[in-house]
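Please keep the structure in view while reading.

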Amino acid sequence: GRYRARIDELCAMAYCSRATLGRLCRRATGQGPQERLRSIRMEEARGLLIFSPLSISEIAEKLGFPRQHEFTREFSRQFGRPPSSLRQSGG
């Protein structure tokens, strides 16, 4: 499996509480920690869709989504279009 950071682990690495981590993350990125992790994950998905030969279901699995439709829903929420649109348009 692939390593996925958890909020508690990030707090331990930064020697701070969840509240402090949330405040610092919002100040630095405009997003809460969970939102930021989700955004990073979706950017990784976007890159894989554009630059890798992996299928959408393989990408979903690689990024830890148990079902492709969950990945498609999350991707569409982030970018306003489904992952298949990047494959059809070439990015």
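The model is predicted, so to speak of local features requires pLDDT of at least 70 and side-chain atom pairs count only at pLDDT 80 or more, while totals for chains, interfaces and linings use all residues. Residues are numbered from 1 along each chain as its sequence is written, and side-chain values use heavy atoms, with hydrogens and water left out.

The protein chain contains 6 helices and 0 strands, where helices (H or I, at least four residues) and strands (E, at least two) are DSSP runs numbered from the N terminus. Along the principal axes, its C-alpha atoms fill a box of roughly 45 × 25 × 20 Å.

Of the 91 residues in the protein chain, 30% are buried, meaning under 20% relative accessible area with a 1.4 Å probe, protein chains only. Contacts (heavy atoms within 4.5 Å) between residues at least 6 apart in sequence join residues at least 24 apart in 42% of cases.

The protein chain carries 17 positive and 9 negative side chains, with Lys and Arg counted as positive, Asp and Glu as negative, and His and the chain ends not counted. The centres of these two sets lie 5 Å apart, each charge being placed at NZ of Lys, CZ of Arg, CG of Asp or CD of Glu.The largest pocket has a volume of about 300 Å³, the space filled by probe spheres set on grid points joined across faces, edges and corners. Of its 13 lining residues, the closest to the centre are Arg4, Ala5, Leu37, Arg38 and Arg41. Here a pocket is an open set of points on a 1 Å grid over the protein atoms alone where a 1.4 Å probe fits, with protein on both sides within 12 Å along at least five of seven lines, and lining residues have an atom within 4 Å of a point. Helix α3 (residues 33-51) gives the largest share of this lining, 6 residues.

Technical notes: Buried means under 20% relative accessible area, exposed over 50%, partly exposed in between (1.4 Å probe, protein chains only).
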